[in-house]
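Colleague: Thanks for sitting down with me over this one. Could we walk through it together, question by question?

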Amino acid sequence: LEYAMFFGSSRIVKYLYYNGVQLSSNLWPYAIHGNNSEIIHILEQNNIEPDSYEKCLIEAILCHHNDIADYFLRNNHFEDENATITKLLPHIIKYFNFELVESNEIINQSCFYDFCRYDYFHIVKFLLNSGKININDLTIFFIFFEFIQFK
């Protein structure tokens, strides 16, 4: 079942389900990776809740399945969509998935560390040159120190 979900094979998932294979919450990451909305709806119709919708959203970000991420964000799984995106910005940066970021206003000093950490040289340079980053801020100093120390 996990293998079929991982590869998005809804026919196999349906066959196994109708022949008595039990569905559980640990199947959500496989369903998200498979990028098949029909499989996700099978889980939902059978009231199989994931352990964490935030973990599901991170999996969708990792796989660049932004339609699934949008589905989770827009279907009342999170109170504040913008706050959730801001909270998950380190994962968005880590997995190079900027499609979910609708505003460049959340790209600021708070995520500067992640841009340094994941080697976004041009963005770091742009932020430093644009004046959006206060280089004299003690937090930025420690970010640079840690970044240089571990490289």
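Colleague: Which helix gives the most to the lining of the largest pocket?

Modeller: A word on the source: this is a predicted model, where local features need pLDDT of at least 70 and side-chain atom pairs count only at pLDDT 80 or more, while totals for chains, interfaces and linings use all residues. Residues are numbered from 1 along each chain as its sequence is written, and side-chain values use heavy atoms, with hydrogens and water left out. A pocket here is an open set of points on a 1 Å grid over the protein atoms alone, where a 1.4 Å probe fits, with protein on both sides within 12 Å along at least five of seven lines; lining residues have an atom within 4 Å of a point. Helix H3 (28-34) and helix H5 (53-63) each supply at least two lining residues, and the top contributor, with four residues, is H5.

Colleague: How many residues of that lining are charged?

Modeller: The lining includes Trp-28, Pro-29, Asp-51, Lys-55 and Glu-59. Ala, Val, Leu, Ile, Met, Phe, Trp, Tyr, Cys and Pro count as nonpolar, Asp, Glu, Lys and Arg as charged, and the others, Gly among them, as polar. On that basis five are nonpolar and three polar, and the charged ones number three.

Colleague: What is the volume of the largest pocket?

Modeller: Grid points are joined across faces, edges and corners, and the volume is the space filled by probe spheres set on the points. For the largest pocket that comes to about 160 Å³.

Colleague: How many helices does the protein chain have?

Modeller: Helices (H or I, at least four residues) and strands (E, at least two) are DSSP runs, numbered from the N terminus. The chain has zero strands, and its helices number eleven.

Colleague: Is His-65 buried or exposed?

Modeller: His-65 lies in the loop between H5 and helix H6 (66-74). Leaving aside residues up to four places away in sequence, His-65 touches Ile-32, His-33, Asn-35 and Ala-60 (heavy atoms within 4.5 Å). Buried means under 20% relative accessible area, exposed over 50% and partly exposed in between, with a 1.4 Å probe and protein chains only. His-65 has a relative accessible area of 13%, so His-65 is buried.

Colleague: And the cysteines: how many disulfides does a search of the whole structure find?

Modeller: Cys-63 counts as buried at 16% relative accessibility, and Cys-111 is buried too, at 2%. A disulfide is a pair of cysteine sulfur atoms within 2.5 Å. Across the whole structure, the number of disulfides found is zero.
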